[in-house]
Amino acid sequence: MRPYRRQATTGDDRRRYVADRGIYQDFVVTRSDRLLRTAYLLTHDWASAEDLLQESLAKAWFAWARVEEPEAYVRKVLVTTYTSWWRRRWRRELPSDDLPDTPASDPVSDDRDALWRAVGRLPARQRAVVVLRFYEDLPVTEVARLLGCEPGTVKSQSAKALAKLRVDETIVKELHR
């Protein structure tokens with residue numbers, strides 16, 4: 001392993017760095033809401049989604065000079081970072097015995113909540129496919145590229161996920177009440 005050697009920087013390198021920094025800042029300002037929504041769809045928790053997005057954007061900053069398609073790259077970093085969090089099963093927060101006050105129930109939001117709980121029970125890879133394919137409305141080829149797999153794998157994972165959702169008891173109960 002070679003030791004890190006700092007390269008001499010010229011005025012052009014510094015100007016390019018500042019320009020890249022400005023482009024990065026513009027990207028973060030314009031795309032954060034959409035990327036945060038993707039992170040939320042993966043984590044089902046706004047605080048975790050914000051942490052996931054922040055960590056993903058920090059990782060993207062270090063590779064920014066090499067990135068050709070920034071949104072696709074950051075989305076891939078989101079999914080891979082989420083997957084590594086899921087594998088570690090580190091949730092960053094501990095459960096509490098004290099429950100917050102519950103709001104009045106809304107039938108529409110109850111249906112959505114039941115669906116989200118069911119999606120949350122899917123394996124991480126199937127959940128990522130469902131989020132990217134159906135909530136982000138990405139084509140199969142783009143989802144495959146982001147997840148680093150073949151389009152056939154995306155199709156089979158989405159078919160398995162949808163089959164699990166169709167027979168999930170909480171969704172079936174909500175629909176038939």
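## Basis and overall make-up

Residues are numbered from 1 along each chain as its sequence is written, and side-chain values use heavy atoms, with hydrogens and water left out. Because the model is predicted, local features need pLDDT of at least 70 and side-chain atom pairs count only at pLDDT 80 or more, whereas totals for chains, interfaces and linings use all residues.

Of its 177 residues, 34% are buried, a term for under 20% relative accessible area, with exposed meaning over 50% and partly exposed in between (1.4 Å probe, protein chains only).

## Helices H5 and H6

Helix H5 spans residues 124-135, and it packs against H6 (residues 140-147) at an angle of about 140 degrees, with the axes 10 Å apart. The two helices are therefore oblique to each other, the class left once angles under 35 degrees (roughly parallel), over 145 (roughly antiparallel) and 65 to 115 (roughly perpendicular) are set aside.

H6 is largely enclosed by the rest of the structure, because 6 of its 8 residues are buried, namely Val-140, Glu-142, Val-143, Ala-144, Leu-146 and Leu-147. Just after H6, Gly-148 takes a positive phi of about 70 degrees.

## Tyr-135

Tyr-135, which lies in H5, counts as partly exposed because its relative accessibility is 31%.

Terms used: Helices (H or I, at least four residues) and strands (E, at least two) are DSSP runs, numbered from the N terminus. Axes are lines fitted to C-alpha atoms, for helices over the stretch in contact, and angles run from 0 to 180 degrees between N-to-C directions.
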